[in-house]
Amino acid sequence: MTFGSLAKGVLAAIGSFALLGTVAALWADPFFTRMTPTSGFEVGLLALQAILLGVYVAIPVPACALKIASLGGVANYIGIACPICNKVLLFVFGANALLTYLEPVRLYLAAGGALVTLAAVLMRWRNYRLVSANPALSFAELHS
């Protein structure tokens, strides 16, 4: 790994932590107001997700496990965000459904999102090790 890839990973981790935490209103900010109180797990799981995202970005392999990492990020964000503040979810499911069904499982959704992102990081790391050991491997051979 190069210094540049490590720097990109650190920037991705810090940027995702700051951006997602602000949008999810995990701390007081002038842009967003949270409608439901935090449970205490949100900041820790956001930090874990940000670190995993930073590691994922720092590993220099082309586009491996990108869909899996994206799915993990979305699941983690839905798990840490205020269910009432998310206008898309509110429009699709309604406030009663979100508070009845999503609110009790938000912790598990956020933790599951971090686990899915961890799986993407491990897949990307495996592919990085394969390419480092044999630079002649093609992209298609990595995914077989």
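The model is predicted, so local features need pLDDT of at least 70 and side-chain atom pairs count only at pLDDT 80 or more, while totals for chains, interfaces and linings use all residues. Residues are numbered from 1 along each chain as its sequence is written, and side-chain values use heavy atoms, with hydrogens and water left out.

**Exercise 1. Overall description**

Determine the secondary-structure content of the protein chain, its dimensions and its buried fraction.

Solution. 
- Step 1: Helices (H or I, at least four residues) and strands (E, at least two) are taken as DSSP runs, numbered from the N terminus. The protein chain has seven helices and zero strands, which gives the pattern α-α-α-α-α-α-α along the sequence.
- Step 2: Along the principal axes, the C-alpha atoms fill a box of roughly 55 × 30 × 20 Å.
- Step 3: A residue is buried under 20% relative accessible area, exposed over 50% and partly exposed in between (1.4 Å probe, protein chains only). By this criterion, 36% of the 144 residues count as buried.
- Step 4: Contact means heavy atoms within 4.5 Å. Among contacts between residues at least 6 apart in sequence, 74% join residues at least 24 apart.

**Exercise 2. The salt bridges**

Solution. 
- Step 1: The criterion is a side-chain nitrogen of Lys or Arg within 4 Å of a carboxyl oxygen of Asp or Glu. Three salt bridges are found in the structure.
- Step 2: E42 pairs with R34 at 3.8 Å, N to O, and both residues are buried.
- Step 3: E42 also forms a salt bridge with R106, with the closest N and O atoms 2.7 Å apart. This pair links distant parts of the chain, since E42 belongs to helix α2 (residues 42–58) and R106 to helix α6 (residues 106–133), 64 residues apart.
- Step 4: R106 meets E103 in a further salt bridge of 3.1 Å, N to O.
- Step 5: The relative accessible area is 1% for E42, which is therefore buried. R106, at 0%, is likewise buried, whereas E103, at 24%, is partly exposed.

**Exercise 3. Packing of α3 and α6**

Characterise the geometry and composition of the contact between helices α3 and α6.

Solution. 
- Step 1: Two packed helices are described by the angle between their axes and the distance between the axes. Axes are lines fitted to C-alpha atoms, for helices over the stretch in contact, and angles run from 0 to 180 degrees between N-to-C directions.
- Step 2: The axes of α3 (residues 66–80) and α6 come within 7 Å and cross at roughly 160°.
- Step 3: The crossing of α3 and α6 is left-handed, that is, the near helix is turned anticlockwise from the far one by less than a right angle, clockwise being right-handed.
- Step 4: Among the residues that make the contact are I68, L71, A75 and I78 of α3, and R106, L109, V116 and M123 of α6.
- Step 5: The contact of α3 with α6 comprises twelve nonpolar, six polar and one charged residue. Here Ala, Val, Leu, Ile, Met, Phe, Trp, Tyr, Cys and Pro count as nonpolar, Asp, Glu, Lys and Arg as charged, and the others, Gly among them, as polar.

**Exercise 4. Two loop residues**

Locate A25 and C64, and decide whether each is buried or exposed.

Solution. 
- Step 1: A25 lies in the loop between α1 (3–23) and α2. A25 has a relative accessible area of 9% and is therefore buried.
- Step 2: Most residues other than glycine have a negative phi. A25, although not a glycine, has a positive phi of about 55°.
- Step 3: C64 is in the loop between α2 and α3, and its relative accessible area of 1% makes C64 buried.
- Step 4: C64 and A120 are 56 residues apart in sequence, with a C-alpha to C-alpha distance of 7.9 Å.
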